[in-house]
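Dear colleague,

Please find below the structure that I am handing over to you. My findings follow it, and I would be grateful if you would read them with the structure open.

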Amino acid sequence: MAAAQAGDRRAYERVLADSVALIRSVARRRGAPVDLLDDVVQETLLTVHRVRHTYDPARSYDAWLAAIADRRAIDTLRSHGRRSHREVHDELAFEHYAEHDDASAETERRQRAQHLHAAIAELPPRQREAVQNLGIAEQSLAEAAAHTGRNEGALKVNLHRALKTLRERLRGEP
Amino acid sequence: MSADLSQQHLIEALGAELAPVRRLAPPWLRALGWLAVVAITAAVLLVHHGAGPMLQRWALAPDVAWSNLAAAVTAICAAWAACELAVPGRSRAWVWLPVPSALLWAGASGWGCLRGMLDPAAVIAGGPPAYDCITFIVGFSLPLSALLIWLLRRACPLRPVLTAILLGLASAAGAATLMAIFHPIDAAATDLLAHALAVCFVIAANAALGNRLLSRH
């Protein structure tokens with residue numbers, strides 16, 4: 001990580017890849033179910049990237065990483081808990097009231113589209129740009145990079161962040 | 001498999017975005033920066049008001065001297081502990097660092113109050129000075145808190161509320177230390193109450209807002 005702080009990309013990618021096992025282990029110890037482990041890993045990797053300047057090479061990397069992973073596991077569990085609390089699963093209703101023939105289905109689809117557009121419009125400019133070019137205009141990374149003047153890596157990261165923001169926002173709606 | 005691929009993509013994307021970073025200064029050094037601002041303010045107040053009246057108060061009532069000294073040590077310890085806690089992986093035990101001095105601060109102030117009640121000749125604070133206490137502690141705590149928040153946000157406070165409580169304690173103790181330079185009233189009951197209210201208000205306000213102010217990450 002010390003080399004990564006100096007800008008060594010290969011060392012950085014190696015240390016991030018090697019960190020995944022520890023992140024998963026911390027998340028499991030915190031009680032995260034298997035289907036949430038990847039969310040915790042992604043959130044932790046994004047946080048590590050943002051706060052890599054706080055790592056002190058004189059100290060343990062594992063302790064530093066484990067503290068971040070533990071916090072992200074708690075956040076993910078809380079967010080998942082809030083979502084589960086709001087959602088109601090009624091299997092009978094799903095079976096008996098298929099929504100494709102429902103008269104209100106079209107209206108609901110339109111409303112969902114409006115919510116999605118509103119949520120995209122509220123994204124920070126760089127995230128919105130990534131969604132519009134890669135997601136909506138279906139440009140390739142190279143095309144989007146040429147169109148926006150940003151590098152492909154930055155576009156990928158912005159798309160990841162945008163999808164995370166949109167997931168949280170849309171899940172949070174009644 | 002797709003999750004592994006997605007992680008691999010994310011790692012590659014983060015690698016592509018990598019730029020060299022300047023390492024965060026050690027917590028003690030960042031705390032020292034904040035304390036330097038408090039010390040400069042104290043020096044300005046000492047030049048303006050002189051050290052004589054404060055030393056005279058200390059000679060007349062040693063518990064006031066202990067209380068002022070304990071407030072200063074609390075400010076130092078709480079600021080240091082907040083800076084340590086804001087770095088991932090640091091021990092939670094740092095939270096205890098300012099506790100002994102904070103207890104001494106409360107104890108010495110309480111003892112002064114008790115002495116004031118037992119001694120009929122002791123000076124009892126009226127309304128306006130007690131009101132001034134609150135205004136000064138809260139007023140000075142605001143910029144001190146803002147400066148410490150700015151310093152802590154550069155780190156990564158994973159326990160934002162606990163860190164905010166410590167920064168509130170550091171700011172309130174720092175403001176109380178500065179006030180001791182020119183505050184002419186002995187530790188009478190109303191005065192002590194005003195101090196306690198102001199300190200609690202600063203800590204509670206920081207704790208309430210801490211999550212929003214510090215959880216940038």
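How are H4(B) and H7(B) oriented to each other, roughly parallel or roughly antiparallel? Please bear in mind throughout that this is a predicted model. In chain B, the axes of helix H4 (residues 62-85) and helix H7 (residues 160-180) cross at roughly 150 degrees and come within 8 Å. Angles over 145 degrees count as roughly antiparallel, and H4(B) and H7(B) are therefore roughly antiparallel to each other. Their crossing is left-handed.

The contact of H4(B) with H7(B) is made up of 16 nonpolar residues, 5 polar residues and no charged ones. On the H4(B) side, the residues include B:Ala71, B:Ala75, B:Ala78, B:Ala82 and B:Leu85. Among those that they meet in H7(B) are B:Leu162, B:Leu166, B:Ala170, B:Ala173 and B:Thr177.

The nonpolar cores may be taken next. The largest has 81 residues, and B:Ala78, B:Ala79, B:Ala82, B:Leu148, B:Leu152, B:Ala170 and B:Ala172 have the most contacts inside it. H4(B) supplies the largest share of this core, with 13 residues. Another core lies apart from it and has 7 residues, including A:Ala130, A:Leu134, A:Ala144 and A:Ala162. As for B:Leu148, its contacts, leaving aside neighbours within four places in sequence, are B:Trp34, B:Ala79, B:Ala82, B:Leu167, B:Ala170 and B:Ser171.

Between the chains, 35 residues from chain A and 25 residues from chain B take part in the contact. The side of chain B that touches chain A consists of 16 nonpolar, 5 polar and 4 charged residues.

Turning to chain A, there are 9 helices and 0 strands. Of its 174 residues, 27% count as buried. Among the contacts in chain A with a separation of 6 or more, 62% are between residues 24 or more positions apart.

Is A:Leu36 buried, partly exposed or exposed? A:Leu36 is placed in helix H3 (residues 34-50) of chain A. A residue counts as buried with 20 or more other C-beta atoms within 10 Å, and as exposed with 12 or fewer; A:Leu36 has 16 and is therefore partly exposed. Neighbours within four places in sequence aside, A:Leu36 is in contact with A:Thr76 and A:His80. From A:Leu36 to A:Ala146 the separation is 110 residues in sequence and 35 Å in space, C-alpha to C-alpha.

Yours sincerely

How values were computed. Residues are numbered from 1 along each chain as its sequence is written. Chains are lettered from A and ligands numbered from 1 in the order in which they are written. This is a predicted model: local features need pLDDT of at least 70, side-chain atom pairs count only at pLDDT 80 or more; totals for chains, interfaces and linings use all residues. Two residues are in contact if their C-beta atoms, placed from the backbone, lie within 7 Å. Ala, Val, Leu, Ile, Met, Phe, Trp, Tyr, Cys and Pro count as nonpolar, Asp, Glu, Lys and Arg as charged, and the others, Gly among them, as polar. Axes are lines fitted to C-alpha atoms, for helices over the stretch in contact, and angles run from 0 to 180 degrees between N-to-C directions. Helices (H or I, at least four residues) and strands (E, at least two) are DSSP runs, numbered from the N terminus. Angles under 35 degrees count as roughly parallel, over 145 as roughly antiparallel, 65 to 115 as roughly perpendicular and the rest as oblique. A crossing is left-handed if the near helix is turned anticlockwise from the far one by less than a right angle, and right-handed if clockwise. A nonpolar core is a set of buried Ala, Val, Leu, Ile, Met, Phe, Trp, Tyr and Cys residues joined through C-beta atoms within 7 Å.
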